[in-house]
Amino acid sequence: MKKIIKLIVMLYLLGGTLNMALAGPASYGFGYDHSTVKIRRLAPTYNIEISALTAEYSNASELVFESGPNHLNPPYSGHVAFVEGLYGVTNWFAIANPYNAAGQPCTSLTTGQKTGNCNNYTPADYGYIRFNLASQTALGLDPTELANHKLHWAIHEFGHILGRAHDTVCIDTDSIMEISIDCTPLFWYLTAADKTWIDTRY
Ligand SMILES: [Zn+2]
């Protein structure tokens, strides 16, 4: 009987280790191909958040941010465009779409799932981040909460451009790559785990 209990305890401990190994920031399996990011600011109500995200990421890595043109025309290589709009639906708040050099989306334009177009050999070459003002308004947050959520969305979505997938846990998360704004705690800055992930790769 003691042996069985020992075995169960061992299995439990192994399971715990496995869960810990699986938790935390995950990778899409591709990265962003440039150390300098040209930012296109086409989201006027997100200027503070875009400045905050460039500060957060340049502090955590060797990435350099420069201003790009304020339009969506070529050239795209090395550019990340931020756009906002009333997208008619309220089932998403913000979405990031990295593209490879051939112009193929690395992730689905609607679900954010990996498409298979991008990997370590065909990395993300440019990106497009959209903020959905319709769903943000529908949330009905007070100004402070809204400000924090906007920071969360901006910093989170840029993580997808760098090849970061969603966190595997939703309770007691340690990363801004949370699967939902209902996850706890909701971060609006890069955590220690985020900084480690980013610093290792960029
Ligand atoms: Zn996401």
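Biologist: Hi! Which exposed residues does α5 carry on the face turned away from its buried side?

Modeller: Hi! Those are Ala192, Asp199 and Thr200. Keep in mind that this is a predicted model.

Biologist: Noted. And which residues of α5 are buried?

Modeller: In α5, which covers residues 192-201, the buried ones are Asp194, Trp197 and Ile198.

Biologist: Why do they line one face of the helix?

Modeller: Looking down the axis of α5, its buried residues fall within an arc of 90°, so they line one face. As a general point, an α-helix has 3.6 residues a turn, so residues three or four places apart point the same way.

Biologist: What do the buried residues of α5 pack against?

Modeller: They pack against α2, residues 47-60, and β7, residues 164-165.

Biologist: Let's zoom out. How many helices and strands are there in the protein?

Modeller: The protein has five helices and seven strands. Starting at the N terminus, the elements go α-β-β-α-β-β-β-β-α-α-β-α.

Biologist: What's the strand order in the open sheet of five strands?

Modeller: The order is β3-β2-β4-β6-β5, and the pairing is mixed. At the edges sit β3 (64-67) and β5 (94-100), each of which pairs on one side only. On average, neighbouring strands of this sheet are turned by 25° against each other, ignoring direction.

Biologist: Do tell me about β5 and β6: parallel or antiparallel?

Modeller: β5 and β6 run antiparallel, and seven bridges join them. Strand β6 covers residues 124-132, and its Ile129 stands opposite Ala96.

Biologist: Which helix packs on the sheet by touching β4, β5 and β6?

Modeller: That's α4, residues 143-161, whose direction makes about 20° with that of β5. Helix α2 lies across β2, β3 and β4, and runs at about 170° to β2.

Biologist: New topic: the largest nonpolar core. Which residues touch the most other members?

Modeller: Of its 38 residues, those are Ala124, Ile129, Ala154, Ile155, Phe158 and Ile161. α2, β4, β5, β6, α4 and α5 each supply at least two residues of this core.

Biologist: Which element gives the most?

Modeller: α4 does, with six residues.

Biologist: What is Phe158 in contact with, leaving aside neighbours within four places in sequence?

Modeller: Phe158 is in contact with Leu53, Tyr57 and Ile129.

Biologist: Last one: what percentage of the residues in the protein is buried?

Modeller: Buried residues make up 33% of the 202 residues. Also, of the contacts between residues at least 6 apart in sequence, 73% join residues at least 24 apart.

Methods: Residues numbered from 1 in each chain as written. Predicted model: local features only at pLDDT ≥ 70, side-chain atom pairs only at ≥ 80, totals over all residues. Buried ≥ 20, exposed ≤ 12 C-beta atoms within 10 Å, placed from the backbone. Helix = DSSP H or I, 4+ residues; strand = E, 2+ residues; numbered from the N terminus. Arc of directions from axis to C-beta. Contact = placed C-beta atoms within 7 Å. Pairing = 2+ DSSP bridges. Axes fitted to C-alpha atoms, helices over the stretch in contact; angles between N-to-C directions. Core = buried A, V, L, I, M, F, W, Y, C linked by C-beta atoms within 7 Å.
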